[in-house]
Amino acid sequence: MTAHPLFDITGRTALVTGSSRGIGLALARGLAEAGCRVVLNGRDGARLAEAAAGLPGEVHTAAFDVTDGPAVAAGIAEAEERVGPLDILVNNAGMQLRAPLLEFADDDWHRVLDTNLTSAFLVGREAARRMTERGHGKIVNICSLQSEVVRPGIAPYAAAKGALKMLTKGMCADWGPRGVQVNGLGPGYIETELTRPLVDDEEFSAWVRGRTPAGRWGTTEDLVGGLLFLASPAADFVGGQVLYVDGGMTSVL
Ligand code: NDP
């Protein structure tokens with residue numbers, strides 16, 4: 001049995017930011033396995049080449065810092081010239097710093113906001129300039145369960161991810177009329193390098209399992225189905241939404 005044609009994204013070109021490892025790499029693999037031409041992004045060219053070698057199909061790399069406006073503009077222009085027009089953009093690059101708010105340094109605040117929020121504006125705007133010209137495109141912003149809820153020590157990250165949810169809706173309002181559909185995907189607690197200290201903290205790890213209706217941490221593969229849906233024609237009339245893939249955690253007290 002073949003998949004329903006509404007889910008067919010064969011031959012599309014997709015850029016996934018922050019895809020040298022973790023969630024971004026798993027999402028890029030999912031897109032590649034669905035028949036997309038994939039462009040991997042991160043700051044380290046050698047690491048990207050290594051990641052690309054492990055993926056099936058046509059995979060390219062574009063090393064640039066998503067917080068650097070001119071580098072973003074040059075990186076997207078160069079990627080389109082080399083690979084072709086982008087059909088799908090996944091704004092996934094992100095980082096976390098955990099500290100009590102009273103001790104949070106100015107520089108760290110800016111790093112968290114720049115990497116998790118401003119990056120989506122910079123890369124999204126650059127891609128959307130081209131997508132709106134062509135009249136079609138899909139953008140998926142990787143939000144977080146912390147777009148909805150917050151714990152002590154993580155306020156700047158939650159502020160960035162909460163704002164990313166609203167940016168997603170705003171992008172949809174601005175670009176939807178020009179054929180570009182924008183949505184968010186909100187992972188719950190997923191085992192990656194970013195969450196390694198939390199996974200290794202047995203007490204916290206058990207708390208996650210206990211608070212998640214699905215009773216476990218998520219894997220990067222858990223997120224692939226949601227992304228493929230949002231990137232496909234099946235989601236053409238879905239706009240400005242965040243699909244939480246969190247084992248149910250944001251829904252329960
Ligand atoms: P990782 O730390 O494992 O990976 C982060 C990726 O982002 C790396 O590929 C890194 O590449 C890239 N990156 C970081 N900063 C930049 C930058 N300035 N420019 C370009 N690339 C950059 O994180 P995860 O895979 O866990 O997280 C991915 C996304 O999912 C993030 O947005 C995160 O907030 C979100 N998320 C994660 C959750 C989790 O439980 N893991 C839960 C909810 C949301 P390099 O360092 O080589 O540049």
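The ligand is surrounded by 31 residues, with G18, G22, R43, G94 and T192 the closest; a residue counts here if its C-beta atom, placed from the backbone, lies within 6 Å. This is a predicted model, in which local features need pLDDT of at least 70, side-chain atom pairs count only at pLDDT 80 or more, and totals for chains, interfaces and linings use all residues. Residues are numbered from 1 along each chain as its sequence is written.

**Shell around the ligand**
- Two or more residues each come from α1 (22-33), β2 (37-42) and α4 (106-134); helices (H or I, at least four residues) and strands (E, at least two) are DSSP runs, numbered from the N terminus.
- α1 gives the largest share, three residues.

**Sheet**
- Seven strands make an open sheet with parallel pairing, in the order β3-β2-β1-β4-β5-β6-β7; two strands pair if DSSP finds at least two bridges between them.
- β3 (59-63) and β7 (242-245) are at the edges with a single partner strand each, so one side of each has no neighbour in the sheet.
- Strands β1 (residues 13-16) and β4 (residues 88-91) run parallel and are joined by three bridges.
- V16 has V90 in β4 as its bridge partner.

**Annotation**
- An unreviewed UniProt entry places the feature "domain: Ketoreductase" at residues 12-188; UniProt positions are given in the numbering used here, feature names are shortened, and annotations may be inferred rather than shown by experiment.
- Residues 12-188 are 49% helix and 19% strand, and the end C-alpha atoms of this span lie 28 Å apart.

**Confidence**
- The model has ipTM 0.99 and pTM 0.98.
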